[in-house]
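Good morning, colleagues. Please look at the model on the screen while I go through its helix packing, its sheet and a few individual residues.

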Amino acid sequence: MKKKILIFGGSGLVGSVFIESSKDLFEIISIYNTNSHQIHNVISKKIDFLNERQKISSIIENQKPDVIINTVAYPSVDFCEFNHNLTDQLHVDVVKDIVSTASRINCKVIFLSTDAVFDGKINKKYTEEDVPEPVNYYGLSKLKAEQLVLENPHNVVLRTAVIYGWHEKSRFTNWILGYLKENKKVDPFIDQFNTPTLVDDLVKSMIKIIELDVSGLFHATGKTCINRFDFAKKLAISFGYDEKLVIPVTSKQKKQDAPRPKSTCLDSSKLENLINFQFMDIDHGISFILDKSRDV
Ligand SMILES: NC(=O)c1ccc[n+]([C@@H]2O[C@H](COP(=O)([O-])OP(=O)(O)OC[C@H]3O[C@@H](n4cnc5c(N)ncnc54)[C@H](OP(=O)(O)O)[C@@H]3O)[C@@H](O)[C@H]2O)c1
């Protein structure tokens, strides 16, 4: 019998790629808020987590899924910095409801977290053993949620970073490629480092986690530790755009509302070894999306 998956945030970047990739493997119920979607063989329902919170527990109790995936979050780190109350509601209180209801019916929760739980001060890739120390409210709220999720050892936390793909919701790559296509300049940061993650890889790892019934805290990112400027230059070169339009900027030159960690590159080898899977490096990830762009 197929496993039943309830996905919160099925209309987002990770959610929609997960559904597309696994709709034949699993029975899927997808929850969206503002972006409704109709997918063959997938039940979809609207719930606004902020204004209809009681519906979260009811749908879990009614559907009795084997696994819940929660991708719901505010996309903007800067928004979270000035909206603590709303951030706590969506990132922490909702997660508390999900986890407690899921535990009652013995359902695994897979929670998407972030590299922003680290302060970015060490000069190496972070492992799951390193101590989180968020520098902004987004990171703090996700860390609080991680702790709630991991109270049940059957659950999974996946810390990921700068998710990209050939997808309308791939924010960083769409900004860079959209501007360069129109010969406009872009100014990505040269002094913020992450391990960007191909969404298709992240989804493959999630499918394996479900199939193998893996539990625990894992880093789940691409292999290459890179700043946004170098990432953008690689995109320009691969897609045949003018790389001189990519102008480096520092965090001092271009102010952001929320503080950002300098280098939060993650080491994903714990997960890779456990599920026998390798995340792509940045060059293979970019050629993957280039190939996909040619298919369209
Ligand atoms: N994207 C990244 O680079 C990145 C990096 C590190 C970690 N993460 C984490 O990975 C997860 C998935 O990221 P993503 O890029 O797939 O996110 P996304 O594309 O922004 O999708 C977010 C989802 O949350 C839903 N949502 C937002 N507010 C809601 C509300 N009030 N009620 C119900 N649903 C609501 C959205 O629904 P509608 O669209 O229907 O409104 C959407 O389906 C997030 O938890 C994020 O923190 C992402």
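I begin with two helices: the axes of helix α4 (residues 84-104) and helix α5 (residues 137-149) come within 9 Å and cross at roughly 15°. Axes here are lines fitted to C-alpha atoms, for helices over the stretch in contact, and angles run from 0 to 180 degrees between N-to-C directions. Helices (H or I, at least four residues) and strands (E, at least two) are DSSP runs, numbered from the N terminus. The two helices α4 and α5 are therefore roughly parallel to each other, a term for angles under 35 degrees. Among the residues making the contact are His84, His91 and Val95 of α4, and Tyr137, Ala145 and Leu148 of α5; contact means heavy atoms within 4.5 Å. The residues of this contact divide into 8 nonpolar, 4 polar and 4 charged. Ala, Val, Leu, Ile, Met, Phe, Trp, Tyr, Cys and Pro count as nonpolar, Asp, Glu, Lys and Arg as charged, and the others, Gly among them, as polar.

A word on the basis of these values. This is a predicted model, in which local features need pLDDT of at least 70 and side-chain atom pairs count only at pLDDT 80 or more, while totals for chains, interfaces and linings use all residues. Residues are numbered from 1 along each chain as its sequence is written, and side-chain values use heavy atoms, with hydrogens and water left out.

I turn to the sheet. In what order do the 7 strands of the open sheet run? The order is β3-β2-β1-β4-β5-β6-β10, with parallel pairing; two strands pair if DSSP finds at least two bridges between them. The edge strands, β3 (43-46) and β10 (216-219), each pair on one side only. From one strand to the next, the twist averages 20°. Strand β5 (residues 108-114) is joined to strand β6 (residues 156-160) by 5 bridges, and Ile110 has Val156 of β6 as its bridge partner. Helix α2 (residues 54-63) lies across β1, β2, β3 and β4, running at about 170° to β1.

Ile163, in strand β7, counts as partly exposed at 21% relative accessibility; buried means under 20% relative accessible area, exposed over 50%, partly exposed in between (1.4 Å probe, protein chains only). Asn106, in the loop between α4 and β5, has a positive phi near 60° and is exposed at 64%. Asn276 has a positive phi of about 55° and is exposed at 65%.

Terms used:
Angles under 35 degrees count as roughly parallel, over 145 as roughly antiparallel, 65 to 115 as roughly perpendicular and the rest as oblique.
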